Amino acid sequence: MSTYMQQVIERAQAHIDRASAVVSESNLRQRFHLMGPCGWINDPNGLIFFRGQYHAFYQFNPYDGFWGTMHWGHAVSDDLLHWDHLPIALAPSEPYDDYPKGGCFSGSAIEKDGKLLLFYTGSAYHGHGVVQTQNVAISDDGVHFRKYEGNPVIEAPEGVDGDCFRDPKVWEHDGGYYMVVGARFHGRGAALLFRSPDALAWEYVGVLHASRGEWGHMWECPDFFPLGDRWVLTCSPMGAGDHTAVYWTGDFDYDTGRFVPTVSQDMDRGFDFYASQSLLDARGRRIAIGWANEWEWMPWFKDWGPTYRHGWCGSFNIPRQLTMMPDGTVAFEPIDELRVLRRDAAEQRGVLLFDGEAEPLRLGDGVHFDMHMELNLKASDADSVVLTVRASETRKTTVTLDLSRGLFLVDRGQSDGWSEGCTSEPVALSGREMIDIRVVSDTSSLEVFLDGGRSVHSLNVFPDEACVDASIEAFGGTAVLGRLCTYGLEM
Ligand code: FRU
């Protein structure tokens, strides 16, 4: 490791040692979602199952609760829920990544010859605008990294803006290496494909997929992987309205480098899911994790929440297992490991909800819970079913299935006096027997999974300690819950 990077890391670690004790006292800290020990975090980086453990790296400014010069934080876990922090893995130190408004930007990890390789974007400034390049760092022990002396390994190809070329995601196939990089290509968002025989010398293959205008002007954090009998491309498009993270599924041919997508959807329809990255674990599961927040250029952006007052900001979403569905869409469900945290299980069948009569629910401590309900559509004639959670006399967050209009809505407008906004989407209900809703709640977040994870709404909320009530209610008729399962979640 260069002595200079070592010094930058030591300085940051000394700050973390001082700040993290105070930050850990914050009453807004999440219980089972990964956060930094202090400071600001954004994108998941370098997700990998390496030597028997899950490694997660993340975009990290240890010094305060706002985005700043980017380091790579690092944590390890056996179950993707309990995390141990390790020393910072990468810090700005070289001409290609040392810039106060840049640094070591997002990227990915692979295992090669027993070593852990990180691929990341160096974001620097040399007097003529920001220059983003792709770089490699190598580790023998999975903890300490040295930057490859041949960096940068890739510079922006023709047609790509030098300041919009970032977030390499690398994978191995058949003894060769492949990389997708997010870019602005002739003014439009794109994912570019590269290949290499040794993961160090890279050749540009071409554009894997690009916006024709409808998907924005820059794609951040692309990921590309096989799932079931198809390929999935994901990214966070800038300038594509309300879409924070989207996916396409289709066919890919290694020989031609051509991807032919036939389906496109949102990965999440909430406010707080961005820059998703996936990993394949030892059990063959494809798991994706997002950064539970959004950027200020999003149309509905308000702010990143009040946690900066406590010296921190940012957590990851709950890791989601991906399943390819027969129609080419993807289902996203919380990883099974979450079940291990469940306490005080209660299951009821055939719950009748009468018009306007709120049925109180006991959901663990009212803050940390997992609940799942199946609504029997055939037996229900209500206009809507409203689930109220994290509520007090004056506060509440609601999840509404509007049966008469075929709409699903999650409203945080009255959650905490801080957050704003309601997310919604149309749901096709006609001819269906049943639809299910699952809600996973942690101190400062709610993740709502509709229809077996075909659609997800992730949103951050910051209710005070009095907000522990929950209820369910039907309006305009009667509703029948075929099943209602509730659990507290303890670590
Ligand atoms: C996405 C992103 C990436 C970039 C990183 C910088 O959230 O903007 O494109 O690499 O964050 O922190």
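In this predicted model, the shell around the ligand is made up, by class, of five nonpolar, three polar and four charged residues. The residues that surround the ligand are Asn 42, Asp 43, Gln 59, Trp 67, Met 70, Phe 105, Ser 106, Arg 166, Asp 167, Glu 220, Tyr 274 and Trp 295. Three strands, β1 (39–50), β5 (103–112) and β9 (160–173), each contribute at least two residues to this shell.

For Asp 43, an N or O atom of the side chain is 2.6 Å from a ligand oxygen. For Arg 166, the distance between a side-chain N or O atom and an oxygen atom of the ligand is 2.8 Å. A polar atom in the side chain of Trp 67 lies 3.0 Å from an oxygen atom of the ligand. Of the 320 Å² of accessible area that the ligand has on its own, the protein covers 95%.

Another part of the model contains a β-sheet. Strands of a sheet pair through backbone hydrogen bonds, in either a parallel or an antiparallel arrangement. Here, six strands form an open sheet with antiparallel pairing, in the order β23-β32-β25-β26-β27-β28. Its edges are β23 (359–360) and β28 (422–426), each of which pairs on one side only. Within the sheet, β25 (residues 384–391) and β26 (residues 397–402) are joined in the antiparallel sense over six bridges. In one of the pairings with β26, Val 389 has Thr 397 as its bridge partner.

Notes. Residues numbered from 1 in each chain as written. Predicted model: local features only at pLDDT ≥ 70, side-chain atom pairs only at ≥ 80, totals over all residues. Heavy atoms only, no water. Near = heavy atom within 4 Å. Polar contact = N/O pair within 3.5 Å; in protein donor to acceptor, adjacent residues only side chain to side chain. Areas by Shrake-Rupley, 256 points an atom, 1.4 Å probe, with all protein chains shown as cover. Helix = DSSP H or I, 4+ residues; strand = E, 2+ residues; numbered from the N terminus. Nonpolar A, V, L, I, M, F, W, Y, C, P; charged D, E, K, R; others polar. Pairing = 2+ DSSP bridges.
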